[in-house]
Amino acid sequence: MAIKFRGVDFLEFDSLLTDDERLVRDTTRKFIEDNLIPIIEECNRAGRFPRELVKPMAELGFYGASLNGYGCAGMSNVEYGLVMQELERGDSGVRSFVSVHSALVMYPIYTFGSDEQKQFWLPLMQKGEKLGCFGLTEPDSGSNPGSMRTRAKKSGKEYVLNGEKMWITSGSIADVAVIWAKVEDEDNKIRGFLVETDRPGFRAADIHGKWSLRASVTSSLSLQDVRIPESNLLPKTGGLKSPLMCLSQARYGIGWGAIGAAMACYDCALQYSLFRKQFRDQPIASHQLVQQKLAWMISEITKAQLLALQVGRLKDKDKAAPQHISMAKRNNVWMALECARMARDILGANGIADEYPIFRHMANLESVKTYEGTHDVHTLIIGQSVTGIDAF
Ligand SMILES: Cc1cc2nc3c(=O)[nH]c(=O)nc-3n(C[C@H](O)[C@H](O)[C@H](O)COP(=O)(O)OP(=O)(O)OC[C@H]3O[C@@H](n4cnc5c(N)ncnc54)[C@H](O)[C@@H]3O)c2cc1C
């Protein structure tokens, strides 16, 4: 039985959106329905990133969507969030690709880059002709990126980079990596570098055997005496705050994206519960315990929509603080994972099959819960904000 997504709007959420915001959302939804939904289960099974969608997504302005100039769409933060929601309704892995390319590579070039770096990279990246990855995490440095070991050392008019990065989205398909390293000549200050991935000494190896984000490429990176010209330093980076600013952009998008995954699971479970009959030839939706799950899901999705929208409205006024973004990421990913688990339950045995999207979303969301600051790291950011006490 094919289930087609119908959208989720319990509380007239759409009435809070402008015409432009609805248009962006609907255009993205149609693109995903026509282009990603038909192939995503095959991609997920094969562990294949749907590279054929890179250019079509560029044409719709998805890359660097909230940046201005350089061919970028100049969307508001709410519009950008709605794009993320619709992408992740399709698949968290495809949304991850767009998030990394936009928020973790184009954004730092835009924010910390020189004019030459911006003029060279941003138009090519907006068109999807060059792809990027973001190398912060290392084998021994995850939640605490300040403990990174990757080093950059000045040598004449070049920097020489050495280190290992781990769990890097799009690592082996990227043309350029934003690599975060401690600069030995600057008292080990963390700075960002643009490293073209064809430089001698740079290697990317894919991580296989993932049960999650299978339609996204995840790699480890090795840098052994990689020499780059000094002009590849992102000049305005300085300290851990710089990568954290990038993460704030990406986490904001995840706060919206997770709603998309939750909507997909909820709508699928709702439709299924209305046609699946058990006991007295009644649909399972007529049982109180099934309704309780559906009521929980729609309540939490609705609250998550309002949370994401308020953070987006604040961000559009430049008033969204990291703890606001942490609340959206933490709550909405947790909510989506709970929805996916309940939806899986409502589908019974069918819930484990990839004829339905639920198990894929559920498995994907386990990564989304961990990356870009784990659920518990965001708990600590919110805790620090309300108590003034750092509990890391
Ligand atoms: C599919 C995927 C894609 C990714 N893509 C990228 C990417 O593109 N670029 C990149 O740089 N990274 C990427 N990451 C890495 C990701 O950001 C890290 O996995 C994440 O930051 C957590 O680090 P860790 O896995 O080392 O876990 P750890 O930091 O080892 O944490 C393990 C557990 O300990 C808990 N913990 C840690 N410190 C504390 C504390 N102080 N108090 C309480 N609990 C604590 C955590 O909450 C977690 O539950 C990706 C990860 C995945 C899974």
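Domain bounds here come from an automatic or database domain assignment. On that basis, domain 2 (132-232) and domain 3 (241-387) each contribute at least three residues to the shell around the ligand. The model is a predicted one, in which local features need pLDDT of at least 70 and side-chain atom pairs count only at pLDDT 80 or more, while totals for chains, interfaces and linings use all residues. Residues are numbered from 1 along each chain as its sequence is written.

The secondary structure of the chain consists of 10 helices and 7 strands, taken as DSSP runs numbered from the N terminus (helices: H or I, at least four residues; strands: E, at least two). Of the 392 residues in the chain, 50% are buried, that is, they have 20 or more other C-beta atoms, placed from the backbone, within 10 Å of their own.

Around the ligand stand 20 residues, the closest being Leu136, Thr137, Gly142, Ser143 and Thr169; a residue counts as near if its C-beta atom, placed from the backbone, lies within 6 Å. At least two residues of this shell come from each of β1 (132-135), β3 (158-169), α9 (358-370) and α10 (375-387), and β3 provides the largest share, 3 residues.

Isoleucine 325 belongs to helix α8 (residues 322-346). Isoleucine 325 is buried because 26 other C-beta atoms lie within 10 Å. Leaving aside residues up to four places away in sequence, isoleucine 325 touches Ser248, Arg251, Tyr252, Gly255, Val311 and Ala320, where contact requires C-beta atoms, placed from the backbone, within 7 Å.

Notes
A residue is buried if 20 or more other C-beta atoms lie within 10 Å of its own, exposed if 12 or fewer, and partly exposed in between; C-beta atoms are placed from the backbone. Two residues are in contact if their C-beta atoms, placed from the backbone, lie within 7 Å.
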